[in-house]
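Hi everyone, thanks for making time for this. I'd like to walk you through one structure, starting with the whole chain and then moving to a few places inside it.

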Amino acid sequence: MKLLKRFFVGVLCLALVPCAAVAKGKAEAKTDRQVWTDVLYKMAAPVLENMSRGELQKNMQLELSPTWDGRNKKVAYMECFGRLMAGLAPWLSLPDDDTPEGKRRKQLREWALKSYANAVDPESPDYLLWRKEGQTLVDAAYVAESFLRGYDALWMPLDSVTKQRYITEFTQLRRVDPPYTNWLLFSATVECFLRKAGAQSDTYRIVSALRKVDEWYGGDGWYCDGPSFAFDYYSSYVLHPMYVECVEVFTHGGKNKIWNAPSVNMQRALKRMQRYGVILERLISPEGAFPVFGRSITYRTGTMQPLALLAWRGWLPKELSNGQVRAALTAVIKRMFSDDRNFNKGGFLTLGFNGSQPNISDWYTNNGSLYMASLAFLPLGLSADDPFWTDAPQDWTSKKAWEGKDFPKDHAYYE
């Protein structure tokens, strides 16, 4: 009888183990937002914790392209900080709360504000390379963009000395003559920030850049990066986001027209970016991968910046629902960051696309450059109860197509 009792108890325990494991698995399953915040915190914390103490240049485990062109390697630190903050700014702009996410966000903001001050303090070991190299213009533009995206939370709390130092550093960047490429938008973005902050700005650098980029529009949502078309993701990394944001600042959200650039307006800029966002969503495979082509592919998830920007600003076109865009971007983030292969031993991003792949980096690439990856996380600037986060997940286009489900046919966008 005792043996029989033990037998039934054993069977019952074995039966309960899988149920308990399933229950535990369900309890530990992360929401999409938790997946995103975990990755972005992991990306940001080593940078901002070190820089807030003035120790980023001391402790960052720097990696340079095998074909590095010999420029001052200190450009890497502004690349790292500026690009990270351009993606992080919306999230840090949310109000404080007592949730685990809120506590992380508050800590990052505190580190970020100290880091901003150190970046322009000549006495700080982390004073950035503002006065040398043309590359400085590029990454100063991302710092400026971070202020545009988080103006009240990141610019306004800075003390008057720090603000004046930024205005001085941004203004002296007029020494850089930008090449006839997407670099025109870097000048424009810096000047648009100065304009928003009430400082003296160079209107010609803004309007001439907007006119030229408008002329470079190739059609169906794609911009040329200069007079000739190149099949790469620079419409993602720079052209769409900075063009739209500069137009927004200069026209006061589309309320004003640019008299000497009549074809430059918010509605047209948004329509183009929406079409490009539709294309990006269709490029995401059922497994969360996207095509690897063009230069600067080491920017990883930065490729998805326009789609993320559309979601964050509430600009998604009718073809794209919150649920499908969130599900698609979550699949990409999981595919890219589900293990530690994209971080080096010091906790900083490593040269490569998905892992350590230094030989695919370009001659201007260092691992500070790679913090462009943060630009896919802009929707974290939406509160946790926003429909982007609360709507049910939906299959994205390629997932529907490859699983034999109905999906919308595609069509070109004509102006």
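Before we count anything: helices here are DSSP runs of H or I with at least four residues, strands are runs of E with at least two, and both are numbered from the N terminus. On that basis, the chain has 16 helices and two strands. Please keep in mind that what you see is a predicted model.

Let's take the overall form. How does the radius of gyration sit against that of a compact globule? For 415 residues, a compact globule would come out near 22 Å, and the chain has 23 Å, so the two agree. The C-alpha trace spans about 95 × 55 × 45 Å along its principal axes. Of the 415 residues, 57% are buried. If you look at contacts with a sequence separation of 6 or more, 76% of them join residues 24 or more positions apart.

Now to helix packing. Two packed helices are described by the angle between their axes and the distance between the axes. I have two pairs for you.

On the H4 side, Phe81, Met85, Leu88, Trp91 and Leu92 take part, and they meet H5 residues including Arg105, Leu108, Ala112 and Tyr116. Sorted by class, that contact has nine nonpolar, one polar and three charged residues.

The other pair is H11, residues 234–250, and H12, residues 266–283, whose axes come within 9 Å and cross at roughly 155°. That angle makes H11 roughly antiparallel to H12. Here too the crossing is left-handed. Among the residues making the contact are His240, Tyr243, Val244 and Val247 of H11, and Leu270, Met273, Tyr276 and Leu280 of H12. The class count for H11 with H12 is 10 nonpolar, three polar and two charged residues.

Is alanine 328 buried or exposed? Its relative accessibility is 0%, so alanine 328 counts as buried. What does alanine 328 touch, leaving aside neighbours within four places in sequence? The answer is Ile284 and Trp396. Proline 286 is 42 residues away from alanine 328 in sequence, yet their C-alpha atoms are 8.4 Å apart in space.

That's my tour, and I'm happy to go back to any part of it.

Definitions and conventions. Residues are numbered from 1 along each chain as its sequence is written. This is a predicted model: local features need pLDDT of at least 70, side-chain atom pairs count only at pLDDT 80 or more; totals for chains, interfaces and linings use all residues. Side-chain values use heavy atoms; hydrogens and water are left out. Axes are lines fitted to C-alpha atoms, for helices over the stretch in contact, and angles run from 0 to 180 degrees between N-to-C directions. Angles under 35 degrees count as roughly parallel, over 145 as roughly antiparallel, 65 to 115 as roughly perpendicular and the rest as oblique. A crossing is left-handed if the near helix is turned anticlockwise from the far one by less than a right angle, and right-handed if clockwise. Contact means heavy atoms within 4.5 Å. Ala, Val, Leu, Ile, Met, Phe, Trp, Tyr, Cys and Pro count as nonpolar, Asp, Glu, Lys and Arg as charged, and the others, Gly among them, as polar. The radius of gyration is taken over C-alpha atoms; the globule rule is 2.2 Å times the number of residues to the power 0.38. Buried means under 20% relative accessible area, exposed over 50%, partly exposed in between (1.4 Å probe, protein chains only).
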